[in-house]
Amino acid sequence: MAAAISSPPVTLPTLDRLGVKSVPTDIDAEQVAGLWLDTLAKQIANNNIDGVLSLFAPDAWWRDMLALTWEFRTFHGAAKIRKLLQDRLEKTKLSAFKLTSAKLETPYPDLAWILGQFSFESEVGACSGIFRLVPTADGRWIGFTFYTNLEDLKGFEERVGPRRNFLPNHGKWLDERQRERAFADSDPDVLIVGGGQSGIDVAVRMKLMGVPALVIEKNERIGDQWRYRYQALCLHDPVWYDHMPHLPFPPSWPVYTPAHKLAGWLEYYAEAMELNVWTSSTVTKAKQDSNDEWDVTVEKADGSTRVFHVKHLVFSIGLGGNNPNFPKFPGQEEYQGEVIHSIYHNSAKDHLGKKVLIVGACTSAHDIAADYVEHGVDVTMYQRESTYIMTTKEGMPRTLQPWWGGSDPDNADRMDASMPIHINEEISKRVTKEIAEADKEILEGLEKVGFKLNFGHDGAGFLSHTRRRGGGYYLDVGASQMVIDGKIKLKNGSEIKRYTKTGLEFEDGSRVDADVIVFATGFEGPQPIIARICGQDVVDRIRPIWGLTPEGEFQTVWRDTGVPNFWIMMGNLAWCRFHSKHLALRTSLFAHTQGRILTYAFLCRDQGLRRGAPTQ
């Protein structure tokens with residue numbers, strides 16, 4: 001086995017580290033970027049790997065999404081980039097490089113780069129890219145980050161704009177839609193389990209690529225997973241971050257979307273985009289055959305069943321799989337009150353006049369506690385571990401700067417992805433400190449009453465928690481002040497020992513009495529549901545779900561899971577919008593074009609890939 005290639009330390013390209021005193025503000029960024037890209041294109045055309053590397057810093061980063069590697073990969077340092085180019089450059093036949101924009105950015109006094117955006121082609125697809133050039137002590141500009149992204153497979157482009165259907169349809173549309181939705185004449189190529197935003201997004205992408213797909217949703221209506229959560233639920237991400245593919249929210253839409261409003265939008269969206277959805281239906285069994293395809297049994301509300309034979313199976317059931325994490329403690333049979341998980345909580349109105357204890361201190365716990373306060377209910381929040389807190393007022397414009405205020409969400413998605421996550425989080429450490437300074441009064445008030453704070457993974461803020469654990473934070477919209485004011489009582493500092501007849505006892509001997517105990521303790525994950533449908537042997541082959549690889553890429557979601565033709569689609573609205581296309585590009589390989597079926601094996605042959613064998 002070849003020795004592993006080591007990476008340089010993760011450091012920002014500060015001017016002092018580069019040996020540069022200052023950068024002139026009147027530099028012609030387009031000229032510098034254009035010359036650099038032209039030179040790079042010539043070196044690539046000549047398959048001159050040394051020539052390509054001469055244009056990059058020794059500790060440069062190359063992040064690729066499907067364009068070269070048919071995977072999500074991040075290569076850090078000249079040695080790893082060299083290996084990437086040796087494995088992929090000649091085979092992918094990159095060409096037609098064209099600069100589309102360039103500008104000088106100075107995000108901090110000690111950081112400066114020229115940001116360039118460009119388009120190019122590989123043998124199989126149309127691609128886009130983004131690079132950042134940093135200055136050198138001898139006056140040159142060299143590549144520090146380089147991002148390549150597959151946009152479309154040639155012949156399988158999304159059928160939008162000039163590719164839409166131009167033919168009139170007189171009196172046939174309704175019948176055609178009904179037959180299409182029922183799959184009366186054939187089976188779908190792809191079956192999607194779950195009709196939340198992740199399932200709907202990937203279904204839209206497949207629909208527009210001409211890939212027949214069916215969404216199976218167990219609830220009566222699309223959006224019910226939002227419609228029947230607690231009534232106080234409201235998105236903490238802003239509207240500009242949450243648009244869905246090809247059909248943005250109206251310009252009158254509120255910045256922060258109430259859950260019930262989002263539920264209605266998802267239902268409307270699925271209908272407007274003509275998605276094939278079966279509601280009140282359940283996938284009861286999925287078995288993979290010797291060709292890595294799937295026989296999937298679906299049961300409808302009337303008890304009838306249908307077995308589909310599909311090429312791909314996509315699970316879109318959320319990071320938690322709607323599978324509540326319900327900690328168990330001794331003595332529950334003695335407790336005389338009500339115990340519920342937050343997923344089953346409806347409204348504070350259900351518990352008027354009672355005392356409530358909430359176990360947990362992140363988003364759901366704060367939302368529910370604030371609702372109780374507003375309805376005059378005595379509520380205590382038990383904090384098991386430290387929580388990251390930032391106000392949406394101060395934090396969101398800084399954290400989500402590429403999207404904030406209404407910029408093109410598709411461009412913002414790519415701009416964000418162009419920064420390797422490890423470098424992104426180095427910058428986020430600075431942003432997190434700025435937010436903490438702006439939120440100083442709130443944070444000091446919380447610390448004064450004993451609330452335990454953290455600042456994200458290694459101080460990199462709430463998205464660093466999201467990437468690793470899908471939670472662990474509260475984006476404050478008012479509940480933190482209720483904690484400071486004592487309206488939400490706080491309990492922490494000792495672990496739960498057992499139930500009592502009237503509440504909970506803690507390891508230090510203290511007790512909290514409550515008529516109702518709400519566990520806002522998150523979810524266990526999707527694996528139990530996958531096991532129930534597909535079998536434990538499939539779950540055992542799936543790679544870890546969520547979190548980051550050593551390269552800084554998300555594990556398993558939107559990409560190869562370890563099980564052929566089995567995919568996992570999940571994430572917040574923004575990540576689902578962006579990565580739904582990546583997943584759809586993978587499944588669209590089975591579409592027909594000019595009598596040839598473009599398969600995974602075809603791309604593996606032409607890109608020098610082996611299934612499940614990434615570049616080291």
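## Salt bridges

The structure holds 35 salt bridges, a salt bridge being a side-chain nitrogen of Lys or Arg within 4 Å of a carboxyl oxygen of Asp or Glu. This is a predicted model, in which local features need pLDDT of at least 70 and side-chain atom pairs count only at pLDDT 80 or more, while totals for chains, interfaces and linings use all residues. Residues are numbered from 1 along each chain as its sequence is written, and side-chain values use heavy atoms, with hydrogens and water left out.

One of the salt bridges joins the side chains of Arg-82 and Asp-50 (2.8 Å, N to O). Arg-82 belongs to helix H4 (residues 78-92) and Asp-50 to helix H3 (residues 49-53), so this pair ties together parts that are 32 residues apart in sequence. Helices (H or I, at least four residues) and strands (E, at least two) are DSSP runs, numbered from the N terminus. Arg-82 is partly exposed, with a relative accessible area of 31%; the classes are buried (under 20% relative accessible area), exposed (over 50%) and partly exposed (in between), with a 1.4 Å probe and protein chains only.

## Further charged pairs

The side chains of Glu-151 and Arg-414 also meet in a salt bridge (2.8 Å, N to O). Glu-151 lies in strand S6 (residues 141-153) and Arg-414 in helix H12 (residues 409-417), so the contact ties together parts that are 263 residues apart in sequence. Both partners are buried: Glu-151 has a relative accessible area of 13%, and Arg-414 has one of 17%.

Arg-306 and Asp-187 form a salt bridge through their side chains (3.2 Å, N to O). Arg-306 is in strand S14 (residues 305-310) and Asp-187 in the loop between helix H5 (173-182) and strand S7 (190-193), so the pair ties together parts that are 119 residues apart in sequence. Arg-306 is partly exposed at 25% relative accessible area, and Asp-187 is partly exposed at 29%.

## Strand S6 and its partners

In S6, 13 of the 13 residues are buried, so the strand is largely enclosed by the rest of the structure. Strand S1 (residues 56-65) pairs with S6 in the parallel sense over six bridges; pairing of two strands requires at least two DSSP bridges between them. Within this pairing, Phe-56 stands opposite Gly-143 in S6.

Strand S5 (residues 125-135) runs antiparallel to S6 and is joined to it by eleven bridges. Gly-129 stands opposite Thr-148 in S6. S5 and S6 form a hairpin with five residues between them, and Gly-139 in the turn has a positive phi of about 90 degrees.

## The sheet S20-S19-S21

Three strands form an open sheet in the order S20-S19-S21, with parallel pairing. Strand S20 (453-454) and S21 are the edge strands, each pairing on one side only. Strand S19 (residues 387-391) is joined to S21 by four bridges, and Ile-389 stands opposite Tyr-474 in S21. Two bridges join S19 to S20, where Leu-453 is the bridge partner of Thr-387.

From S21 (residues 473-476), Tyr-473 and Leu-475 point one way and Tyr-474 and Asp-476 the other way; all are buried.
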